[in-house]
Amino acid sequence: MSDFAYRINNLDGLGLFFFLLYVAFSDNGRVKLGDEGEKPEFKTFSWAAMLFCAGIGSSILYWGTIEWAYYYQTPPFGIEAGTEEAIQWASTYGIFHWGPIAWAIYTLPALPMAYFYYVRKKPILKISEACRPLIGRYADGIIGKIIDILFMFGLMGGAGTTLALGTPMIAQGVSSLTGISPTMTVKVIILIVCTTIFAISAYSGLRKGIKVLSDWNLWLAIFLLAFVFIFGPTRFITETTTNSIGLILDNFFHMSTWTEPYNNLGPFEQTGFPESWTVFYWAWWLVYAPFVGLFVAKISRGRTIKQMILGTVIYGSIGSLLFFGIIGNFALHMQLTGQLDVIDILNNQGAPVAIISVFNQLPWAPFIIFIFTILAVIFLATTFDSSSYILASVVQSEVEDEPLRWNRLFWAFALCIMPLTLMFIGGLSTLQTASIVGGFPLLFIMIMLAWPFMKASTSDIKASDQYEPKIINLDSKKILQRLRKKRKRVKAEPKET
Ligand code: NM2
């Protein structure tokens with residue numbers, strides 16, 4: 001039964017994806033986030049780069065390199081392990097789990113936040129605040145608190161998974177460069193150093209710390225990918241990635257609804273693939289979604305809702321595709337040619353050793369491992385500085401422009417407690433469970449976020465009588481006047497008994 005409850009959540013992703021597509025191509029999608037004539041605040045390239053860096057942490061280096069090796073051994077769809085078919089899916093499924101559905105999950109919370117921020121001119125820094133049109137004054141009471149707490153627990157679970165995976169990988173990188181063996185103490189020290197870096201960045205705020213790190217993040221990532229693409233098996237990478245795109249396009253629905261229905265019957269073994277991978281991933285994206293949504297909303301001024309949705313889904317998916325396509329297939333190529341038995345290392349020495357061994361095969365290996373390790377730290381920092389920032393603003397009752405500095409600092413360190421515990425407990429499934437448990441309640445919050453956006457934007461568009469133009473410019477002043485009048489009318493009318 002509990003399996004069923006899990007597996008069926010496969011569908012959530014698909015549902016959210018279609019909802020977002022619907023919004024993008026409906027009237028609501030044509031609404032401009034900002035005033036008439038306003039240009040997008042950031043150029044599309046930096047916009048895409050920023051949203052990618054905020055939403056993606058060091059996990060893309062981890063899973064991008066090694067995810068295929070898990071699927072190779074326990075493939076989906078009851079396929080036999082290690083066969084050609086299994087290999088094709090192995091290099092494809094990661095791209096799917098980090099693809100359009102995942103990015104749609106990220107974009108949903110951005111809808112109400114961006115809409116209320118730029119059209120109704122109401123800055124929103126709390127999730128409960130974004131639910132206000134639906135729950136009214138309960139947003140200030142216990143229901144609002146529960147919503148915020150669920151979000152906080154969710155994010156801490158997701159962040160726990162991220163840091164508990166990222167730290168051993170960084171420790172392995174450091175070990176390969178310095179010869180210090182990656183003991184638990186070393187890992188704890190690394191976790192504390194990383195936390196200090198993102199605490200400093202969160203302390204210095206959005207405009208300074210977070211932006212500077214994002215730029216660094218992007219250039220180092222481009223460098224690493226280009227290096228592997230050029231010095232790795234360029235042709236194999238290109239062909240395999242192209243093949244994966246086709247496989248996903250062909251099987252999009254099959255992949256997003258596959259619940260392994262027969263594998264526990266008769267002679268078929270149950271692999272647990274849907275719940276250990278697809279559902280885990282959707283939950284993991286979910287727990288990060290409200291915070292990434294807020295960030296996406298903040299940087300999307302001057303774009304239309306449609307541009308925001310399609311931009312996030314398309315550029316985000318392309319970014320993920322590049323990582324999985326290039327570094328994942330590079331590793332797969334070594335496995336297939338026998339140059340390095342990645343799977344054997346994975347099974348006997350663990351994922352961090354396998355990942356670093358893959359990069360050790362490149363020319364100028366120490367230099368590349370150095371870049372890889374630094375990149376992992378920065379990738380963590382760009383995700384966690386903004387997480388601590390958002391957590392701080394959720395707990396603070398009055399937020400003027402930015403949450404208080406000590407508060408941001410506190411959350412940066414609070415975020416490392418969960419991964420510390422998870423690292424001691426160990427085991428991939430424990431890490432996955434942290435995200436799944438955190439993610440489940442957030443599903444309901446997602447619905448509570450979609451609703452107010454639809455309700456508010458639809459009624460504002462109706463009142464504005466603008467259905468024809470490609471871009472709908474809503475006049476904030478008029479909207480606010482109308483809402484004020486409506487509120488007065490409701491108050492004046494005596495309640496029917
Ligand atoms: N997601 C993208 O660790 C990270 O990269 C942060 C993880 C949700 C799978 C986000």
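Which residue just after α16 takes a positive phi? The residue is G350, and its phi is about 95 degrees. The structure is a predicted model, in which local features need pLDDT of at least 70 and side-chain atom pairs count only at pLDDT 80 or more, while totals for chains, interfaces and linings use all residues. Residues are numbered from 1 along each chain as its sequence is written, and side-chain values use heavy atoms, with hydrogens and water left out.

**The chain as a whole**

- The chain contains 22 helices and 0 strands; helices (H or I, at least four residues) and strands (E, at least two) are DSSP runs, numbered from the N terminus.
- The radius of gyration of the chain is 23 Å, which agrees with the value near 23 Å for a compact globule of 497 residues. This radius is taken over C-alpha atoms, and the globule rule is 2.2 Å times the number of residues to the power 0.38.
- Along the principal axes, the C-alpha atoms fill a box of roughly 80 × 50 × 45 Å.
- Of the 497 residues, 58% are buried; buried means under 20% relative accessible area, exposed over 50%, and partly exposed in between (1.4 Å probe, protein chains only).
- Among contacts (heavy atoms within 4.5 Å) between residues at least 6 apart in sequence, 81% join residues at least 24 apart.
- The chain exposes about 21500 Å², of which carbon and sulfur atoms supply 65%. Accessible areas come from the Shrake-Rupley method with a 1.4 Å probe, and for residues only the protein chains shown count as cover.

- Helix α16 spans residues 342-349, and its buried residues include V342, I343, I345 and L346.
- These residues lie on the same side of α16, because they cover an arc of only 165 degrees around the axis; the arc is that of the directions from the helix axis to the C-beta atoms.
- An α-helix has 3.6 residues a turn, so residues three or four places apart point the same way.
- The packing partners of the buried residues of α16 are α4 (59-73), α15 (305-337) and α17 (351-359).
- L346 has a relative accessible area of 8%, so this residue is buried.
- Leaving aside neighbours within four places in sequence, L346 is in contact with I66, A69, Y70, Q73, A351 and A354.
- L346 and F153 are 193 residues apart along the chain, and their C-alpha atoms are separated by 31 Å.

**Two other residues in helices**

- T107 belongs to helix α6 (residues 100-107) and counts as buried, because its relative accessibility is 0%.
- Not counting residues up to four places away in sequence, T107 touches L20, M308, I309, T312 and V313.
- L443 belongs to helix α21 (residues 428-464) and counts as buried at 16% relative accessibility.
- L443 and A24 are 419 residues apart in sequence, and 21 Å separates them in space, C-alpha to C-alpha.

**Positive phi in loops**

- F77 is not a glycine, although its phi is positive at about 55 degrees.
- F77 is in the loop between α4 and α5 (84-97), and it is buried, with a relative accessible area of 18%.
- W364, also a residue other than glycine, has a positive phi near 50 degrees.
- W364 is in the loop between α17 and α18 (365-395), and it is exposed, with a relative accessible area of 56%.
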